[in-house]
Amino acid sequence: MAVSPLVDGLPNPAARAVSSPLKNAAPAQASSNGTPVPAVAPNATAAVQSAALDLSEQMNEDEKRKYIKGKKLGEGTYANVYLGQVRNDPSQLVAIKKIKINKEYTEGMSPDAVREIKHLQELDHPNIIKLHTVFSSKDQNLNLVLEFLPLGDLEILIKDTANVHYGVADTKAWMGMLTRAVWFCHENFVLHRDIKPNNLLIAADGEVKLADFGLARSFSDPYRPMTSNVITRWYRPPELLFGARHYSAAVDVWSVGLVFAELVMRAPYLAGNTELEQIELICKGVGTPTEENWPGVTKLPEYTISNQITPVLGKDHYNALFGTVGNEGVDLLMKTLILDPRKRITARDMLKHPWWHKDPKPTRKKELPRKSGGEGEEKVGADLKRRPGVVDEDKTNKVARKLDFGGPL
Amino acid sequence: MATEDARYRQSSQYRLWSFTTGHLASLRNECNSLAQKAISARLQSASPNDALPEFLTPAEELSLVTHYTVELLPRRCLHRATDRDTRHRRHLLAPLLRHQQHYDLPPTELLKTCLFFGCKAEGHYMRLSKFADKFPNTTGEEVLAAEYVLSQGIRFAFDVRHPFRALEGAIMELRRLGDFENKRIDRAHGKAREILKFSPLVTDAYFHYTPSQIMLAALAMADEGLVERMLREAFAAQGDAAKEKCGDLVQACRAMLEKEPPEKMNDNEERKSIIKPLNRKLKKCRDPDRVDLVALQKARREQAMVKKPKVPVKEDGAVFGGSIADGRESKRRKTETEE
Amino acid sequence: MSRKAVTSTVTQPSNAILPSDICPVCKRVRYLNTDMRFLINPECYHAMCSQCVDNIFKSGPAQCPYVSCSKTLRLRGFREAWFGDLSVEREVDIRKRVAAVFNNTQDDFETLRDFNNYLQDVEDLTFALVSGTDEERRKAEAQLVAYEEKNKADIDRNRKKGREVEAARKKREAEAEAASKARRLEEQREEEEARKEEATLNREVMEALARGEAGTAAQIQERILAHKRQRIAQLNGKHFPLPWTAAPKRTGPTEDEEDRNKPYDPFGATDLDPTRYQIRDTYENSWLDPARTRDDHRVPGYSVQEYVARAMFEAFAGLGVDIDEEKAGAQRAVGTVGAKHAAQANTTSGALRKAGDDVFG
């Protein structure tokens, strides 16, 4: 019954007693599949049934029962995502991410899920996706109840050049939200390690939220190595491509810089097909890492560059490609793409950069461009809009009534 | 208002795992009585004529847990990992072990799971088979069996904030202030670490105090003067009232830790004499459903693989909610609406 | 609008819609002429493409090419329509013209009743012009021209007065805008100052200590702080938002304007700066030294400073949190899981509570 849309569908939660091993005892005496539960006499009283859960199980039940699972929104290799409603207030929507059991993975609970839960439990910021709760369902699947973000992601906007038009003020607003999210992670000693446009989801009110913490980890203490095989290749900084095992928050800043470049160009700036090609593209598009611009770099375990050395590209190069963001904007971009991670700007210093205060002022979130089409989701979006206390427009109400969440039928 | 405190209040440790003394006690009582009820029912239905065994009291449960926590400590020699690693892992256990009831799970098994899961949550993976090899007579399956129960038990709050890094911070700050000889600081540093490795784990300090308070309490046990100086530094801008309040909390925490000083770690004789009868008692009243966790786990998985069972199979649906009946009901309702 | 062009607006009421693809006169289609534009002449509002207009009227006034229409049109009178529905276009033209003539304001009347009667008369006349029969239209037209002749001086005076009022309004708005901008700048400056003040505070205390001023360290600290605190409190009271709280609501401009005028805060009003310690550049810690120098840490950017920041934060975070006190209210007399549960939900972060979420960490 893993994917029944009606998992929690009874309108009155009280009507459904907490399931217990005794509940179905009467009709089925034969335990054909080797279930270790002993046969149970049917004289058990109701009181005993409800006591059959221990405290943590009861708490889990309580969490689970707060939500109604609705239609499936998406399916991935690692998880399925469902729309959900808060039982006590069905106008409140959530996304329920159900982690799939991986038969091939014999090491127990998926480390990605563990990492995601661990870090999202601790991070509470307007630009980071909110984890409302976690519960496990009967088939031992983990369910993450997340903030519902209906307006797609930045990648969709970047790619839809035909229908979505945006300018510097919009780019600045999005960059501001992204940088604040990354800054907040770093201030809380968390490396995200997978920043890219399609992990930047958009809330109904236009707020951009950093999501997918499946690769995140806490800052490592000295002498404790980390893996270098993180961050999607196009956004991976040179130190990781060179096999670094001890690195800093600067890895995320490089990714932020490349998202910035992509927002302006509306195409990935350095899109390598292999790791070698990625290094090659960095050499050409930023500059070749050498002992001069990055002392010690040649000693990194996987340092390999071709013979042709490009000196670090200057402002002219960036002006030609990214000049629309203005002088200060180009300066900020260049500082995020400094090869030597020790010289790269930090997220905190990014927020102190003068660019934010130059004209044009960042667009207000409610005025930001949105993706075109997607009628159903727009409706949901309109409905969601009411939540933070935005004016309750007449139109919104009408839309809300038409909605079908596939919830309790 | 200090940003540091506001930020600590956001942590899951504060939100989910901090309790008043009275509340913690009532939780333990509730756990205990829930378990008694459930197990009585199961034992009775299995063999209605036998008399019910005598159950452990909440206090007895707690001593058992404390015992197993102490047991676990020397295990670190089994690991190649550095001292620093083991700390994290052990500290992941602290909340769970001291909060949950343990009728239903064999404590030694749960401890192994804790260690393994601790590694995972901290991001140091060890292959399961490699991990299991380190324990005599242990298979990977056994280690994993309790993983879900454990995660659920700690309400998926995987980030346990321990006081060790805080201690390093305090020591650095004290050295920088330069009011004390380095020797004195080093001595206190070493002693405080020893205390932190033991005392907070076998007391309820984690539930009632913040890591920085626990750290200062341990430091106060080692050298009161250093703590005085730290507090003066910390509260220079926040006034004497705030400073005194914090000082009181540190002292209260210290009193708690002093009941279980690290010297007691090797004092196994006394502990064992208490534990033996308790263990005997536990064996009698263990939850019959969960004696064999591996089998239970397997059954659940198999059950989950069967997409739509034609005949309702009897299962232990208790643990993870939503029994077969739900599936049937939803299916029926669905057809009705289709018609 | 040129008066001449409309003095004789006696046109057939037109229900025509502006064509979009085919010119009704020459039948050319947009498909082959992508730059096609349609023009109208307010004499009769018959639409045709710009090429037709050029061809027919370039050499002087000519008759409208529509078979049913006998108007004589001039090239000068042609323009693009503002509305797709030409009857609307025509009505708007008429209303503009009428309003330019009957331009009295309420001040020109003794009583409100008089003013309302006047408005009623004007509306009746306008309606006759827009939707009346030929006869009614002609009559209304005559009335309009007569009124215009008779009250020429008044009309001019009113027009001038209207312009002045409009200019005064614009000036007022500009002044308000400038004042709010100045206010914003001033606030920014003060905020900046408050920040600076606070930043130097700790440094000065340290310096005083280093100079070895009279008294114990604590006394010096107290002295400087007392002085500084006063000043900071002054500034704080006005503009410095407390950490984790939003800026106080002001009355006056609407929330939306307020929002628009707010200076952009790249940090999004979140303050994470420590209050109990400052991160220094170096700390004595021999355990950290290899991490500072070893190539496998140094070269790929491993930051000892990040570790230090974390250790310091953990040493000072939560010192002022009194769990027994803070959790007491929420957890009192909790006997059941449900109640306990509710208690815990209450203690979740402020942001969550604000959004009315039902949350359990």
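**Setting up**

I kept to the numbering in which residues count from 1 along each chain as its sequence is written, with chains lettered from A and ligands numbered from 1 in the order in which they are written. Since the model is predicted, local features need pLDDT of at least 70 and side-chain atom pairs count only at pLDDT 80 or more, while totals for chains, interfaces and linings use all residues.

**Entry 1: chain B overall**

I began with the secondary structure of chain B and found 18 helices and 0 strands. Helices here are DSSP runs of H or I with at least four residues, strands are runs of E with at least two, and both are numbered from the N terminus. Next I looked up burial: 52% of the 339 residues of chain B count as buried. A residue is buried if 20 or more other C-beta atoms lie within 10 Å of its own, exposed if 12 or fewer, and partly exposed in between, with C-beta atoms placed from the backbone. I also checked the contacts in chain B between residues at least 6 apart in sequence, and 79% of them join residues at least 24 apart. Contact means that the C-beta atoms of two residues, placed from the backbone, lie within 7 Å.

**Entry 2: B:Arg15**

I found B:Arg15 in helix α2 of chain B, residues 12-17. Is B:Arg15 buried or exposed? B:Arg15 is buried, because 23 other C-beta atoms lie within 10 Å.

**Entry 3: a helix pair in chain B**

Two packed helices are described by the angle between their axes and the distance between the axes. I looked up both for α13(B), residues 211-222, and α15(B), residues 240-258: the axes come within 8 Å and cross at roughly 70°. The axes are lines fitted to C-alpha atoms, for helices over the stretch in contact, and angles run from 0 to 180 degrees between N-to-C directions. α13(B) and α15(B) are therefore roughly perpendicular to each other. For the cut-offs, angles under 35 degrees count as roughly parallel, over 145 as roughly antiparallel, 65 to 115 as roughly perpendicular and the rest as oblique. The crossing of α13(B) past α15(B) is right-handed, the near helix being turned clockwise from the far one by less than a right angle.

Which residues of α13(B) and α15(B) meet? On the α13(B) side I noted B:Ile214, B:Leu216 and B:Met221 among them, and on the α15(B) side B:Leu249, B:Val250 and B:Leu257 are included. By class, this contact has 10 nonpolar, 1 polar and 2 charged residues. Ala, Val, Leu, Ile, Met, Phe, Trp, Tyr, Cys and Pro count as nonpolar, Asp, Glu, Lys and Arg as charged, and the others, Gly among them, as polar.

**Entry 4: the sheet in chain A**

In chain A I traced an open sheet of 5 strands in the order β1-β2-β3-β5-β4, with antiparallel pairing. Strands pair if DSSP finds at least two bridges between them. The edge strands are β1 (67-75) and β4 (131-136) of chain A, each pairing on one side only. From one strand to the next, the twist averages 30°. Inside this order, β3 (residues 89-99) and β5 (residues 142-147) of chain A pair over 5 bridges, and A:Lys98 stands opposite A:Asn143 in β5(A).

I searched the backbone angles next. The peptide bond from A:Asp359 to A:Pro360 is cis, with omega near -5°, and A:Pro360 sits in the loop between α11 (347-351) and α12 (375-384) of chain A. A:Phe189 has a positive phi of about 65° without being a glycine; its place is the loop between α5 (168-187) and β6 (190-191) of chain A. A:Phe189 is partly exposed, with 19 other C-beta atoms within 10 Å. A:Arg193, also not a glycine, has a positive phi of about 65° and lies in the loop between β6 and β7 (200-202) of chain A. A:Arg193 is buried, with 25 other C-beta atoms within 10 Å.

**Entry 5: chain C and its contact with chain A**

Chain C has 14 helices and 5 strands, and 20% of its 361 residues count as buried. The contact with chain A takes 33 residues from chain C and 43 residues from chain A.
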